Amino acid sequence: MRSRLLLCGVTAGLGLATVATPLLADQFHYNNVLVGTRAMGMGGAFAGIADDASGIYYNPGGLAFALSNDIQGSANAFYGKNTVYKKALGSTDFTEESSGSLTPFFGGLQKLDRYVQGLVAAFGVYYTDGDLKDQDTPIDQFQIGSTVIDRYHRTSNARASTYFAGAGVGYRILNNLGIGLGVSYFNADELVQEFQYAKQSLRIKLSDGSSVDGWSILASNIRQHLAVYGMQPTLGVQVALPSGFTAGLTVKKIFVASQSLETASDISKTLVSDTQNSAATKNGPSTTVANPIQNTVTKQVTKSTNPVGDLPLEARVGVAWFASSSFVWSLDLSYHDGVTDADVKTDPNAVRAAYAKEAIVNLATGVEWYVTPSFPLRFGVFTNNDARPELKKGTADAASGQTCSQSLDYYKKYCAQPDHIDYYGGSLFIAWVQPNSQIAAGITLQSGNGKAQKLGDDAVQEVKSNQYSFAFSATHNM
Amino acid sequence: MTLDSHVRLGRCRLAVAAGVLAASACTVKTQQADPLEKSMTPEERAVFEDYRMEVEVGRNMAGRLLGYYGVVEDPKLVAYLNQIGTYVASYGDYPDRRYMFAILKHESVNAFACPGGYILVTMGALRNASSEAELAAVLGHEVAHVGKRHMYDALKSMKQKDLDEALAKKRAAIDSDPYLKMRQRPEPESSSAAGSRLATYLTGKAGVGLSIMAAAAAGMQMITEKGLDKELEYEADQEGVKYAIRAGYEPRAMMTFLGRLEDHSAKKVKNLEKTHPSVKERRDQLAKLLLSLKAEDIIGADGEDRFKKVKAKFPEPEAG
């Protein structure tokens, strides 16, 4: 959940408030949730293995090499996310927090040798992202530059999920070669409701030259709902090489069938004089107005039918080495292509820039080591790079004399740049295996650094973000 | 330790298991750790886990039978059946076990002893009886099946055998395929008690591959299609008669009950003979037992008058 803080309007002395564009669940990182009992422990490096039900996600070609029928379910018992925007409010940090639980994967695999030798079918429902947020942030008396903000208060509620439900088949066309096809329904649904309030004391100059003490108050109430549906075909191939090596390739792409972004906002800007208390704070800037009391309310309801536009194609290449029955190593490289601004066929507003994505590559590697025949340990590391463009500090502000509110082009270039945070992650799971079942539990950690323009002006903040997730899973082999 | 003390120890453990299970929430999934359960020795724990599994399988089977046939909802009649059944069981070899009796809404003559003590008698079987002694002998037969764990032991051995065969077949298939063999992971060690409980909780599985659902399904096939081994049926007949005699009933009641079946239409006993030895064979075996027990010297009650009063209030048979 990334949204801009509504302070720009206050500090500009009642200029136009920033176009607050809450972006919800993190569709710009592709490794937010690791899927599958074994794969989640191996950092998501599974394209070269993929021989259980999670193969529908990693590589349907690997399904063809399944050893047994299985059914598995896994859940993030608890996850938490904490993103700190350094000195976003003057010298004060601003923190976004969310936590909750979700079910990353439930799926099953059935070998169909009795019908066609080498044929395997699988199904799966899996979440690749999710967020639950209920944050209340009141902050009193902080300073941005020379301006003192008396009171800032934000209440933010969000729920978001991205999930797939699909089926796939794998088939061994040669003894050492499996191919697979999967088709999944895709759904991304994100809802955010956010209230922001900011109050600043200032000196109001009247047109007759006199001045009075007063306040500038901004309040905004925004609700956004993004809904995207589509289908994702997945093609996979896996080849077993001599000496226990395998290699896999997976290509998948979401074809969007429907998408919409509904936004309803009320932004109220109030300038009010303090005739009762002339000794009010005078730390703020002064502004000249005709009337000491002004109230502007901007109500807006918009619906975009193509806010996201195209979604990236993913290609995943993986290798695995089955060194022995008790040790497996795996490595995946995944590539997501970019969705440029031009690809996003929507009305010209800040939204399309916000949803643009760059091509990125992620790396994951992991091992599975059976410490004893009943207790495998799984460990993995991975990257979770940001598909949003690298954020650069604007430089044209002073030269052009423009502000973020005066020009859309300027805003897009210098004020509407989305956050950019690249993560590194690790996972550690231990499982307990029985002849027909196994349970696993462990933790996934991610830590990232990046930059953001949290206030919607051209100031850039350093960002530090941490995520953790306690997960467990159960698998039953038949 | 003598054989007798072994039996007493076994009964004692079973009594502990039954007591704990009865005092608990009765479902595996929602069960909380009980102080008594916590204090068990590993040996007692194993008995307890096995008994819990037996109850789960039996409950599942009883549910299926009740769902299939329907249940007679006559509280007085059901109470009477339970009264006679538990009374006979209290004179059996396993009085510490828990028994529950219900009536199936079906006019064929049959009764089912599900593992864990769930005993279901058809309405047709009740109508076939002419005295309480006959009913007691029939219930004694089912109590013996439960107490001696005829069905549960058969299921356990069948599942293990099936599992072993399937495992061997699977291993052979994998071993012959180098590209599957390289993915083979170590054979897991046998489960620990703590791990077993956890796996049971999470996956509904217990022990080595014995699934409640699969066992119940196999049990249903056994109870409605294949039947138990002939020798086990003879044993249940003989034990049931002994229990009824100990309880004070007339020794020849079972003979009378079975004899009446020979006069019945084939339709009414078709299912019974499908899963039991023929009535004639059973009567021949019982005759030998009665001779050895010198049954003619035993004076027992037949409870005919009381049973007639109960029978007079039986629900009318459903048409068809």
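Visitor: Which residues does B:Val121 touch, not counting residues up to four places away in sequence?
Guide: B:Val121 touches B:Leu81, B:Phe101, B:Ile103, B:Leu104, B:Ala111 and B:Leu126, with residues up to four places away in sequence left out. Contact here means that the C-beta atoms of two residues, placed from the backbone, lie within 7 Å. Please bear in mind that this is a predicted model, in which local features need pLDDT of at least 70 and side-chain atom pairs count only at pLDDT 80 or more, while totals for chains, interfaces and linings use all residues. Residues are numbered from 1 along each chain as its sequence is written, and chains are lettered from A and ligands numbered from 1 in the order in which they are written.

Visitor: What makes a nonpolar core, and which residues touch the most other members of the largest one?
Guide: A nonpolar core is a set of buried Ala, Val, Leu, Ile, Met, Phe, Trp, Tyr and Cys residues joined through C-beta atoms within 7 Å. Buried means that 20 or more other C-beta atoms lie within 10 Å of a residue's own (12 or fewer is exposed, in between is partly exposed). The largest core has 59 residues, and B:Val88, B:Ile119, B:Leu120, B:Val121, B:Ala136, B:Ala137 and B:Ala244 touch the most other members. Helix H6 (residues 132-147) of chain B gives the most to this core, nine residues. Helices are DSSP runs of H or I with at least four residues, strands are E runs of at least two, and both are numbered from the N terminus.

Visitor: Why are H4(B) and H6(B) called oblique to each other?
Guide: Helix H4 (residues 75-90) of chain B packs against H6(B) at an angle of about 60 degrees, with the axes 9 Å apart. Axes are lines fitted to C-alpha atoms, for helices over the stretch in contact, and angles run from 0 to 180 degrees between N-to-C directions. Under 35 degrees is roughly parallel, over 145 roughly antiparallel, 65 to 115 roughly perpendicular and the rest oblique, so H4(B) and H6(B) are oblique.

Visitor: And why are H11(B) and H14(B) oblique too?
Guide: Helix H11 (residues 230-246) and helix H14 (residues 279-292), both of chain B, pack at about 45 degrees, with their axes 10 Å apart. H11(B) and H14(B) are therefore oblique to each other. In H11(B), B:Tyr234, B:Asp237, B:Gln238 and B:Val241 meet B:Arg282, B:Gln285, B:Leu286 and B:Leu289 of H14(B).

Visitor: How much of chain A is buried?
Guide: Buried residues make up 48% of its 478 residues. Chain A has seven helices and 17 strands.
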